[in-house]
Amino acid sequence: MVDVTVGDMGPGMMGRPNWRTPGPGWQGMGMMRLNATPGTAPAGVVSLRVTNVGSLPHEVVVLPLPAGQPAGERPTGSDGKVTETGSLGEASRSCGPGTGNGITPGATAWTTLTLQPGRYELVCNLPGHYLAGMYTELDVTR
């Protein structure tokens, strides 16, 4: 199980006991964050449990990370999103598995995938969220 926390510094976030300030594992420089704990998982069936501690809806899309490309460097379109070509799945349904319209604040979502060894990027692909820092790398080992 990989626990993924998504959040933003929207209204009401300051002082929330489950908001984590930027530190090890938090990626990006924007006011939004996506953290995976642990950041490494064994190959095979991997479950991602995503909790939204922010004030806005979020999602997590799993994308293969090309060799030599660090997380956070995908090009974005005019809609503020990255291409989801090659996506292996996502968690974007409040209180449920799989695809939906975003995880509402305070809710949890999940997805279970079969992942081969390699590097993957977990991204929130709602408009502008990726550019605001909502990405991290997940390494899958043999």
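Figure 1. Val46 is found in strand β4, where strands (E, at least two residues) are DSSP runs numbered from the N terminus. The model is a predicted one, in which local features need pLDDT of at least 70 and side-chain atom pairs count only at pLDDT 80 or more, while totals for chains, interfaces and linings use all residues. Residues are numbered from 1 along each chain as its sequence is written, and side-chain values use heavy atoms, with hydrogens and water left out. Beyond its neighbours within four places in sequence, Val46 is in contact with Val2, Ala41, Thr111, Thr112, Leu113 and Leu115; contact means heavy atoms within 4.5 Å. The C-alpha atoms of Val46 and Thr111 lie 8.4 Å apart, although 65 residues separate the two in sequence.

**Figure 2. The open sheet that contains β1 and β4.** Four strands form this open sheet in the order β2-β1-β4-β7, with mixed pairing; two strands pair if DSSP finds at least two bridges between them. β2 and β7 stand at the edges with a single partner strand each, so one side of each is left without a neighbour in the sheet. Direction ignored, neighbouring strands of the sheet are turned by 20° against each other on average, the axes being lines fitted to C-alpha atoms and angles running from 0 to 180 degrees between N-to-C directions. β1 and β2 (residues 32-37) run antiparallel and are joined by six bridges, with Arg33 in β2 as the bridge partner of Gly7. Between β1 and β4 (residues 44-52) the pairing is parallel, over five bridges, and Thr5 stands opposite Thr51 of β4. β4 and β7 pair in the antiparallel sense over eight bridges; the bridge partner of Arg49 in β7 is Trp110.

Figure 3. Within the largest nonpolar core, of 26 residues, Val2, Val4, Leu34, Leu48 and Leu122 touch the most other members. Such a core is a set of buried Ala, Val, Leu, Ile, Met, Phe, Trp, Tyr and Cys residues joined through side-chain atoms within 4.5 Å. Another core, of seven residues, lies apart from it and includes Val61, Leu63, Ala71 and Val123. Leaving aside neighbours within four places in sequence, the contacts of Val4 include Leu34, Leu48, Val60 and Leu122.

**Figure 4. Polar contacts of Asp8.** Asp8 is found in strand β1 and, at 2% relative accessibility, counts as buried. The Asp8 side chain makes polar contacts with the side chains of Ser55, at 2.8 Å, and His58, at 2.7 Å. A polar contact is a pair of N or O atoms within 3.5 Å; within protein, one must be able to donate a hydrogen and the other to accept it, and residues adjacent in sequence count only if both atoms are side-chain atoms.

**Figure 5. Strand β5 and its partners.** Four of the five residues of β5 are buried, so this strand is largely enclosed by the rest of the structure. β5 pairs with β6 (residues 89-91) in the antiparallel sense over three bridges, and Glu90 in β6 is the bridge partner of Val61. β5 and β8 also run antiparallel, joined by four bridges; here Tyr120 in β8 is the bridge partner of Pro64.

Definitions and conventions:
Buried means under 20% relative accessible area, exposed over 50%, partly exposed in between (1.4 Å probe, protein chains only).
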